[in-house]
Amino acid sequence: MSAQSKKKLYGVIAEYDNAAALYHAAEKIRDAGYTRWDVHSPFPIHGMDEAMGLGRSPIGYIVFCGGTAGLLTALGLQWFTAIFDYPLIVHGKPTNLIGTIPAFFPVMFELTILFSAFTAVFSLMLFTALPRWNHPLLGHQQFKKFSDDGFFAVIEARDPKFSLAEAEEILAAVGGKNISEVYDE
Amino acid sequence: MSEATATDLSQIPASDPPGDAARAAQFLERPALVTNKRSMHWITERVSGIVESPAPLWWWLSVLLSGSIAGFGFLCIAYQISTGVGVWGLNHPVGWAWDITNFVFWIGIGHAGTLISAILFLTRQKWRTSINRAAEAMTIFAVICAGIFPGIHVGRIWMAWFLAPIPNPNWIWPNFKSPLLWDVFAVSTYFTVSLLFWYTGLVPDLATLRDRAKNKIAKFAYGLFALGWRGGNRQWRHYEMVYLILAGISTPLVLSVHTVVSFDFATSVIPGWHTTIFPPYFVAGAIFGGFAMVLTLMIPARAIFGLHDMITQKHIDNMCKIILLTGTIVGYAYLMEFFIAWYGGNPYELSIFIKRATGDYAWYYWTMISCNVLAPQFFWSRKLRGNIFVVFAVCMAVNAGMWFERFVIIVTSISQDFLPGAWQLFHATWVDVMTFVGTIGLFLFLFLIFIRFLPMIAMSEVKGVLPEADPHHGHDSQQGVPGVTAKSEVHA
């Protein structure tokens, strides 16, 4: 860790005992007015969005658009192939859109689901800035515990309100332990 | 049934603590999802330990055996493709037999995985967390096995591209009014969405394996697939939303898939197929057979890997109840089909149903009834649901019974339909048998690979249902004010 002193400061990390401690720490950090900070836990903590002052994820609206695109794709595909380009008379069923559309519902339904699922997963990657090969936190030895049973709060150096002393102070004031600096590589 | 009850009752004095009040309290209290007050670190160690410890001998032997069986199955498929579908026992009226039976069987198996991961998630059944990962893996492997059969049953597999919306050389497009094409879309969507859902759920656990990895290859592979996950709440809030959406869209998806599969039959005019009860009946049957397969896989896995604190008796009990419920729905469907065959006044329909129960395939029919309707009745008894051997035996019966059900539906209907002059019986050949056995080998092979390289229990989800995961947990317990008092035993 000695070599890190020459590197760029990423932020300050503090460890908390459990989910409840982290929850209360988040409330305090939120009230202190920080904007570039996050809490890390092995599982999503119920109510943490409110404790951090975060709103509802907008992904639902994006997925709605993706699903609609799937629905229209299926409708367009079936209309083009079975009605417009080469009407195929099967079982004496009609070849106009109104008469045939009930037979198109299953594929319309399936493509709505398929497009929604892809939109959801790609939105997740976009909103969480993943995939990402490396990150300052992932190089921090203590941080590795987040995926086991560690609860961490991190205030980033790029926060406009950031100063090393103040950040360390507030993290400690709300019960943070093993407070240390995280450096970018 | 009485014999099994008697043996089980004899064990009560030995295993059960006496006292009515104590027993009542024990039944009324909601059992913990993770027993023995296990810590988060214990969960990480136990689940990751399966992946990190060297592969045991039994695993190598099982992989070798199932891989060989799967390999032989592929040889059978190669023989069938190079020779023709005649190497199966198909004949003129019976153009669909084991191939489509196996297809419906495997697709059905998958449905329990999606039910656990999606429907139980939406209904906030927290007990799902310890079984959903393995059940979803089972879904994916079952759909892979299922997908083989529609591909090879067409005979000329090089024409499989006719299934895709590409015009053929006469510029004719596939027929979108056909349920067979709906099936292509339903099954491929089902596979893709199940895979996305499974992978999304895996990301936080892959991060755990990445952070624990000791050697370079593991670090690279888990690091690659964990996508750089850091478990920040700014990630979790989107993650949770996406997980909810995937659960929300998988729920109607899973119901639609077997509905569309049943349309393959129900929209035809074949007696015994042309019934409106098929969609709900198929969906219930799929969940029924799928849960039996989940238990078939999880009971040995939990014994081998010592997962009793995460896959508890409560989990087995709940799954047994779902098997009992869906088995009863399936039993109702069998009765209602028979009633409608008589009440509908169609002589062909009635004739098929009488032949099913009394004709050349009667033993298939009664095997189906015994395995699917009678066997689950054991699960009315709490004692029998608690006996792991009874549960396993019933699940094996249901696995077999659901295969027989699909055979009865498919083959009896077409072997003896309208014209007696065209009637022929179907007899399976060794290629039929070995192709099916090959897919069982493939399924087990893939499952063994899965438990070796991926966490078979969703660690992050199980940790999330522990009592101490609730941020308000400390307030109403004797552990003191959280964050101020001494560290919890978690970090000890």
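In this predicted model, Arg385(B) and Asp317(B) form a salt bridge, with their closest N and O atoms 2.7 Å apart. The term stands for a side-chain nitrogen of Lys or Arg within 4 Å of a carboxyl oxygen of Asp or Glu. Arg385(B) belongs to helix α15 (residues 382–385) of chain B and Asp317(B) to helix α12 (residues 313–343) of chain B, so the pair ties together parts that are 68 residues apart in sequence. Helices (H or I, at least four residues) and strands (E, at least two) are DSSP runs, numbered from the N terminus. Arg385(B) counts as buried because its relative accessibility is 8%, and Asp317(B) counts as buried at 10%. Here buried means under 20% relative accessible area, exposed means over 50%, and partly exposed lies in between (1.4 Å probe, protein chains only). Elsewhere in chain B, salt bridges with shared partners join Glu45(B), Glu52(B) and Arg212(B) into one network.

Residues are numbered from 1 along each chain as its sequence is written, and chains are lettered from A and ligands numbered from 1 in the order in which they are written. Local features need pLDDT of at least 70, side-chain atom pairs count only at pLDDT 80 or more, totals for chains, interfaces and linings use all residues, and side-chain values use heavy atoms, with hydrogens and water left out.

Over all chains, the count comes to 14 salt bridges. One of them, in chain A, is between the side chains of Asp17(A) and Lys177(A), at 2.9 Å from N to O. This pair links distant parts of the chain, 160 residues apart: Asp17(A) is in the loop between β1 and α1 of chain A, and Lys177(A) is in strand β4 of chain A. Asp17(A) counts as buried because its relative accessibility is 4%, whereas Lys177(A), at 28%, counts as partly exposed. Glu156(A) and Arg158(A) form another salt bridge, their closest N and O atoms being 2.4 Å apart. Glu156(A) is buried at 11% relative accessibility, while Arg158(A) is exposed at 54%.

Helix α5 (residues 164–173) of chain A has Ala167(A), Ile170(A) and Leu171(A) as its buried residues. They lie on the same side of α5(A) because they cover an arc of only 100 degrees around the axis, taken from the directions from the helix axis to the C-beta atoms. Ala165(A), Glu169(A) and Ala173(A) are exposed on the other side of α5(A). The cover over the buried residues includes β1 (9–16), α1 (19–31), β3 (151–156) and β4 (177–183) of chain A. After α5(A) comes Gly175(A), with a positive phi near 95 degrees.

Back in chain B, Tyr361(B) sits in the loop between α13 (347–358) and α14 (362–374). Its relative accessible area is 6%, so Tyr361(B) is buried. Apart from neighbours within four places in sequence, Tyr361(B) is in contact with Arg356(B), Phe407(B), Val411(B), Thr412(B), Ser415(B), Leu425(B) and Phe426(B), where contact means heavy atoms within 4.5 Å. From Tyr361(B) to Phe339(B) is 22 residues in sequence and 20 Å in space, C-alpha to C-alpha.

The domain assignment of chain A, which is automatic or from a database, gives domain 1 (2–55 + 134–183) and domain 2 (59–127). The C-alpha centres of these two domains of chain A lie 45 Å apart.
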